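I opened my notebook to look at how this chain is put together. My notes follow the structure below.

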Amino acid sequence: MAAGKRSASISRRDNEFWGDMAAWQMENSEDNSEQLSRLRRNMRRVRQQELTPRQAEMLHLYYDLGLSIPQIAEEKGLNKSTVSRTLARGRERLKRYLQYSF
């Protein structure tokens, strides 16, 4: 690299700028607590009413309890691909019902 050329990496000052920008955005952004509350309420409703019992259970184990796909498969005596497909279908159903929540 030639003398005087700046490297492509982020400098300390660049990091300070992005940190300052994040703080500014937090201070000046709108309050979205109402939207988050509605989303959480709708999420609970969809999980209880629209998902199959297996989908709801898999999503609970994966997202709420933090188990991995192999751990869920072993605990439930299922193939890993079955768990993965069930999670994908559950997420797709959640997405379909929640996309109009806002």
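I began with contacts, meaning heavy atoms within 4.5 Å. Residues 24 or more positions apart account for 58% of the protein's contacts with a separation of 6 or more.

I noted what I was reading: a predicted model, where local features need pLDDT of at least 70, side-chain atom pairs count only at pLDDT 80 or more, and totals for chains, interfaces and linings use all residues. Residues are numbered from 1 along each chain as its sequence is written, and side-chain values use heavy atoms, with hydrogens and water left out.

Next I looked up the elements, which are DSSP runs numbered from the N terminus (helices: H or I, at least four residues; strands: E, at least two). I found five helices and zero strands.

Then I checked burial (under 20% relative accessible area, 1.4 Å probe, protein chains only). Of the 102 residues, 18% count as buried.

Which residues make up the largest nonpolar core? It has 12 residues, including Val 46, Met 58, Ile 72 and Leu 98. Such a core is a set of buried Ala, Val, Leu, Ile, Met, Phe, Trp, Tyr and Cys residues joined through side-chain atoms within 4.5 Å. Helices α3 (53–64), α4 (69–76) and α5 (80–98) each supply at least two of its residues. α5 gives the most, with four.

Beyond its neighbours within four places in sequence, Val 83 touches Met 58, Ile 69, Ile 72, Ala 73 and Leu 78.

Last, I took the pair α3 and α5. Their axes come within 9 Å and cross at roughly 100°. Axes here are lines fitted to C-alpha atoms, for helices over the stretch in contact, with angles from 0 to 180 degrees between N-to-C directions.

Note on methods
Buried means under 20% relative accessible area, exposed over 50%, partly exposed in between (1.4 Å probe, protein chains only).
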